[in-house]
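Me: Please walk me through the model shown here, with the cut-offs behind each term.

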Amino acid sequence: MINSTALRTASSKSVDSKSATAAAGIVLLLITRTGEPAFLVLYSILALVFLAGATGPMKRRRKPPMGPGPAGRLAPVLVMPVALVLIVLGLFSRNVTAMGGERLVRSGLLHCPKPGPN
């Protein structure tokens with residue numbers, strides 16, 4: 001279920017609050033007039049139409065020859081070993097955010113505000 005209070009709160013915190021509030025008002029109006037299930041179906045159909053409109057011209061474009069040439073084919077050979085080392089190091093090293101932060105919050109050395117309305 002779409003929470004109208006959360007929608008209003010999120011729209012009021014954006015950079016351009018007037019247009020976001022107007023957009024949230026339009027969304028709320030559509031939801032109240034059509035009902036939430038009908039709104040979600042309409043939104044999904046509209047998203048698919050825009051996606052088809054964006055991807056349709058890409059299918060009809062003239063395709064350039066594939067490949068960047070002999071020098072460009074060497075780039076993956078040089079970059080992939082470095083990427084593999086970074087992935088392996090990332091998988092087997094300790095997560096920076098999991099270094100006992102909970103203990104610091106419980107002991108009072110680190111203040112963590114409770115989530116909720118401001």
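**Confidence, helices and surface**

Reply: The mean pLDDT of the chain (the predictor's confidence in each residue, from 0 to 100) is 76, and 63% of its residues reach 70 or more. This is a predicted model, in which local features need pLDDT of at least 70 and side-chain atom pairs count only at pLDDT 80 or more, while totals for chains, interfaces and linings use all residues. Residues are numbered from 1 along each chain as its sequence is written, and side-chain values use heavy atoms, with hydrogens and water left out.

Me: Where in the chain is confidence highest?
Reply: Helices (H or I, at least four residues) and strands (E, at least two) are DSSP runs, numbered from the N terminus, and the chain holds five helices and zero strands. Confidence is lowest in H1 (residues 4-12), at a mean of 52, whereas the highest mean, 90, belongs to helix H3 (residues 36-60).

Me: At which residue does the kink in H4 lie?
Reply: Helix H4 (residues 70-92) reaches 35 Å from its first C-alpha to its last, close to the 33 Å expected at 1.5 Å a residue, where the expected span is 1.5 Å times one less than the number of residues. The bend, an angle between axes fitted to the seven residues ending at a residue and the seven starting there, is about 25° shortly before the proline Pro-81, at Val-79.

Me: Is Leu-84 buried or exposed?
Reply: Buried means under 20% relative accessible area, exposed over 50%, and partly exposed in between (1.4 Å probe, protein chains only). Leu-84 lies in helix H4, where the count of buried residues is zero. With a relative accessible area of 53%, Leu-84 is exposed.
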